[in-house]
Amino acid sequence: MASFVMWHAAAFCIILFRYSVRGQISYSVPEEMPKGSIVGNISQGLGLDLKRLKSGKARIFAGDNTEFVGLNKERGILFTAEKIDREALCAKTTPCALHLQLILENPMEWYDVTVEIIDINDNAPSFPKGEIAFQISESAVIGARFMLENAIDLDVGSNSHLSYSLKPTDNFVLSLQSQTDGDRNMEMVLQKALDRENKEQLSLLLTAVDGGEPQLTSTVVIRVTVLDINDNPPVFNQKVYKATLPENTLKDTVIMAVSASDADEGSNAITTYYMSSTGDVNDLFVVDAQSGKIILKGSADFEKSSRYQLNIQARDQGGLSDSCKVIIDLTDINDNKPTISVVSMSNSISEESRPSTVVAMLNVNDLDSGLNGQVRCYINDDIPFTIASSSSFFSLQTEQELDRERDAEYNIIVICADEGVPALSSSVSLRVQISDVNDNAPVFEKSHYEASVLENNTPGLSIFTVKASDSDWNQNARVSYILEDSSVNGVSVSSYVSVHPDSGLITAVRSFDYEQLKDFHFRVKAQDGGSPPLSSNVTVKIIIQDQNDNAPQVLYPVQTGSSVVAEIVPRAADVGYLVTKVVAVDVDSGQNAWLSYKLQKAPDRALFEVGLQNGEIRTVRQVTDKDAVKQKLTVVVEDNGQPSRSAVVSINVAVADSFPEVLSEFTDFTHEKQYDENLTFYLVLALAAVSFLFITCVVVIISVKIYRWRHSRFSYQSNLPVIPYYPPHYADTGVTGTLPHGYNYEVCMTTDSRKSDCKFSTLGGKSVLVVDPSYAEAFRHTIKKNSSIDDLRSTESQKPPNADWRFPPNQRPGPSGAGAHPGEAGAGAGVIAGTGPWPNPPTEAEQLQALMAAANVASEATATLGPRYNPQYGPDFRQNVYIPGSTATLTANPQQQVPQQALPPPQALPPVEAPKAAQTPASKKKPTKKDKK
């Protein structure tokens, strides 16, 4: 508002009106000008000199008015001493002016000064009330006027000219009536009738706009409450009511009830019922004023009147009414009911039966006469049966096609009533069953099925179950499920899934692979057991869900075993220099195919890093002199599956500025690598060889220990050494040996041969055992003839061995010279060779000489023994055995001739070492010349 006033002050800073008449001057100034605003130059207006104003002590006289205007004598101008409000000063008076006098002295003069206050639009219209309320009856006629109070605008002139608008205008419009005094009356005119039943309250908005610039507005809400009037009469539900009343009906019997409704509310809706009929009707019937019930008051007689007509009125509190007519017919008494007899009936009927098929035959009789004796039969229920009549016979027939699936059984109640009033009736219940036919195909629960299964499933996995139902019954409703033949990727669908014929369970036949097959469709047929069978099919979709069963595959760099590919990084490479990029793919899908890259075992001051998502290998710092020329990076590519799978790729990086340097470095690297691989192989081979030798030595040592232990024990218990002889062509007792069966024997002995039995088996041989006559004679033959023991076979015949090789006491070993000699008594001709008396024991020198000769022969014979001579078996006595204390010798090979040298004299014997142990297979070797010597 202040800016608005300043704008007007600038506009009216000049004098609008100036009267040059001497002694009077007028000025015009807008209201609300700030204090100190110039009103006009009074010295120029009146033609007064400034000196005159000063000398005459000029002043402004305002009378009783507040001093709104002041005088500046130095400049000769009038100015506003206070802010002037035209509405407070003059209200509605126009024009609004201040009448002042300019007083001068010496000489005394005065001048009339008029200052007119011009109105500005600084006041908005205002309504006397914040809300206007009306209560208007809905009976108000169209054109009814309702006075509204005008808005008040304190401004004058065009600023106070008001215009009005009313919204909405559905029921009311605004009307302005000009008066003779210039004022206007504002009225609200009803242009559409009010209906309380439709809307009880209306809300209107009245707006007042003044004519100033800019326009100012004001609004007020008008609330109209619609008052109800009795403008709706009661209305009966029916204009004519009819009732039938048998004669002799008891008093106070309610015949019927009439009802009327009123759309009004409150007391206007209260309805009262009256009977306007005259005559006997008032004595016979009465109507309840509140409920409208018609009650029998007297005794109705059919012979007096068979019909009564009642006029009933319904009246509300306002006097509005409506009427209806009630007709009451009296009937004769019917005291006999019809009798029903079932002549014939079918208990079951096929659902394929055509309409009008007879189900039952009924005979109905009524003993009454006239209308009371006429009988009609009907069925109350809404069932597909009907009753057909023929004189006194009625037939129950099918009216339309039957459907067992809708109703499998009907309990039909046939009612037969006569024509009497009230009618008497009888009923009979007939139970009819509907037999089923196969007229419904199986129906699946869903129009299509969809299921998901994880790949790599176990064959035989139950996926889900399809279910179909058949509304038929018994065998016709038995559903079997069949997998329709189709192909998936050229293969029969039966190799993928199977369907259980009874339950509809779909089972996986094979293990699915998402990478080969993501989904497939097939159809399942549901077939019932009817004849002919009906069927329906449904489409089933199996979605294979991916599992993380494939590790990432590195596409670049390509890993080859024969060549070395290196990436070159210049030493002046900046941070973030792209060395190479690892490209990998995963044939899985979804998050199982999301790949991440990382370096394996990155050092603390790593020179390179790999992008987690893109696989780019970049430098993370500047290359220094400490960095090796050859860098080997191992990148692990890992997917995002659960559990995750990974692949590893090795990348050779050369930190160098020239290609020859890189080539030389990686050539050496290849050789070193090959050398390292060969060295590893040789180390493993050497370790295996050392382990084998160690185990062999342990076995040999143990064998030697066992052999010496057993040999020492044997020698300790015998006075004579055992000198075994092993021929080179020795073989076992089987037929695969090098000797015929006639030269193979079995000897069972213990280490103490003096207490052992000796068992011989000839196996069809001729000369297999030779026993020397004496120990001395055996050595004598050896020295003289230099022949083997085989020469003795030609001169002596074989004697059968003693089964029980136990020597008598005189033949057991003893001191030298003990026992009988061959030429002495006791050595008769009947003694079996080899069982004679023991010879004199040899001297110690003879024993040593025999051991030396036997050791030389044993070393050659041992080479032919093979695996039979080892610590597991111990010494073998099946070749050539010297029995301690006896001259008996067991010879196995008669063809082998062993030269034996004569024993030297005892005094000529050189010092002899102890006999060496026989060779084992682990230590056997060819005898050298030194050994033979």
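Tyr496, Phe512, Phe520 and Phe522 form one aromatic cluster. Rings of Phe, Tyr and Trp (its six-membered ring) pair here if their centres lie within 6.5 Å; planes under 30 degrees apart count as stacked, over 60 as edge-to-face and the rest as tilted. Tyr496 also has a charged neighbour: the charged end of Arg510 sits over its ring, 4.2 Å from the centre. The rule for such a charge is NZ of Lys or CZ of Arg within 6 Å of the ring centre and within 35 degrees of the ring normal. Arg315 does likewise with Tyr274, lying over the ring face at 5.0 Å from the centre.

This is a predicted model, in which local features need pLDDT of at least 70 and side-chain atom pairs count only at pLDDT 80 or more, while totals for chains, interfaces and linings use all residues. Residues are numbered from 1 along each chain as its sequence is written, and side-chain values use heavy atoms, with hydrogens and water left out.

Now the whole chain. Its secondary structure comes to nine helices and 54 strands. These are DSSP runs, numbered from the N terminus: helices are H or I with at least four residues, strands E with at least two. Of the 933 residues, 38% are buried. Buried means under 20% relative accessible area, exposed over 50%, and partly exposed in between (1.4 Å probe, protein chains only). Among contacts with a separation of 6 or more, 67% join residues 24 or more positions apart. A contact means heavy atoms within 4.5 Å. The accessible surface comes to about 52,900 Å², and carbon and sulfur atoms hold 52% of that. Areas come from the Shrake-Rupley method with a 1.4 Å probe; for residues, only the protein chains shown count as cover.

Back to the rings. The count of aromatic pairs is 13. One of them is Phe236 with Tyr273: the ring centres are 6.1 Å apart and the planes stand at 55°, so the pair is tilted. Phe236 lies in strand S15 and Tyr273 in strand S19 (residues 272-275), so the pair ties together parts 37 residues apart in sequence. Both Phe236 and Tyr273 are buried. Phe285 and Tyr308 make another pair, edge-to-face because their planes are at 65°, with centres 5.3 Å apart. Phe285 is in strand S20 (residues 285-287) and Tyr308 in strand S22 (residues 307-315), so this pair ties together parts 23 residues apart. Phe285 and Tyr308 are both buried.

Charges come next. Side chains of opposite charge can pair when their charged atoms come close. The whole structure holds 18 salt bridges, each a side-chain nitrogen of Lys or Arg within 4 Å of a carboxyl oxygen of Asp or Glu. Glu131 bridges to Arg223, with the closest N and O atoms 3.2 Å apart. Glu131 is in strand S8 (residues 131-137) and Arg223 in strand S14 (residues 217-227), so the bridge ties together parts 92 residues apart in sequence. Glu131 is partly exposed at 42% relative accessibility, and Arg223 is partly exposed at 40%.

Buried or exposed: which describes Asp228? Asp228 is buried, at 18% relative accessible area. Its salt-bridge partner is Arg196, at 2.9 Å from N to O. Arg196 is buried too, at 6%. Arg431 belongs to strand S31 (residues 425-435) and Glu409 to strand S30 (residues 409-418), 22 residues apart. Glu409 is partly exposed, at 37% relative accessibility. Finally, salt bridges with shared partners join Arg196, Glu200 and Asp228 into one network.
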